[in-house]
Amino acid sequence: PVPLDFVSAFQTSTVHRPLPAEFMEQVNRESLKLPARVWRGLMKGMLATQPANKLAGLRIPTLMLWGDRDAMFLRAEQDALLGMLPHAMLKVFPETGHAPHWERPSELARDLEVFVGGTT
């Protein structure tokens with residue numbers, strides 16, 4: 001089993017703005033359902049992933065969502081992806097960590113609606 005301390009520390013590291021304790025407790029309960037082999041496989045896969053150079057030149061409308069306090073992925077990485085995808089746009093959420101869907105759900109939903117509405 002995966003220790004609760006690990007899961008809690010990981011999930012807490014994904015947010016910048018405090019979230020309700022009940023919400024984070026639910027996130028931790030759901031995360032504990034993943035067996036250790038899945039956590040290991042996820043991390044192994046992320047570390048083994050090659051640069052996204054195959055994206056270069058694709059003409060796929062893409063909305064990139066990023067919190068300016070993301071502790072996992074840097075702005076430079078977002079800019080590199082933007083440079084590869086000519087039809088991408090980056091929405092930066094201020095004072096937000098890696099989980100804008102948790103920290104700013106209404107804003108994110110609105111931005112997603114606008115994006116999807118403009119690409120159909």
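## The largest pocket

Helix H4 (residues 75-84) is the top contributor to the lining of the largest pocket, giving 5 residues. Helices here are DSSP runs of H or I with at least four residues, strands are runs of E with at least two, and both are numbered from the N terminus. This is a predicted model, where local features need pLDDT of at least 70 and side-chain atom pairs pLDDT 80 or more, while totals for chains, interfaces and linings use all residues. Residues are numbered from 1 along each chain as its sequence is written, and side-chain values use heavy atoms, without hydrogens and water.

The pocket holds about 280 Å³ of space. Lining it are 11 residues, and the closest to its centre are Thr49, Ala52, Phe73, Glu77 and Leu81. A pocket is an open set of points on a 1 Å grid over the protein atoms alone, where a 1.4 Å probe fits, with protein on both sides within 12 Å along at least five of seven lines; lining residues have an atom within 4 Å of a point. By class, the lining has 7 nonpolar, 3 polar and 1 charged. Asp, Glu, Lys and Arg count as charged; Ala, Val, Leu, Ile, Met, Phe, Trp, Tyr, Cys and Pro as nonpolar; the others, Gly among them, as polar.

## How H1 meets H2

Helix H1 (residues 4-13) packs on helix H2 (residues 21-32) at about 125 degrees, with the axes 9 Å apart.

H1 brings Leu4, Val7, Ser8, Gln11 and Thr12 to the contact, and H2 brings Met24, Val27, Asn28, Ser31 and Leu32 (heavy atoms within 4.5 Å). This contact counts 5 nonpolar, 5 polar and no charged residues.

## The whole chain

The protein chain has 6 helices and 2 strands, in the order α-α-α-β-α-β-α-α from the N terminus.

Notes
Axes fitted to C-alpha atoms, helices over the stretch in contact; angles between N-to-C directions. Points joined across faces, edges and corners; volume = space filled by probe spheres on them.
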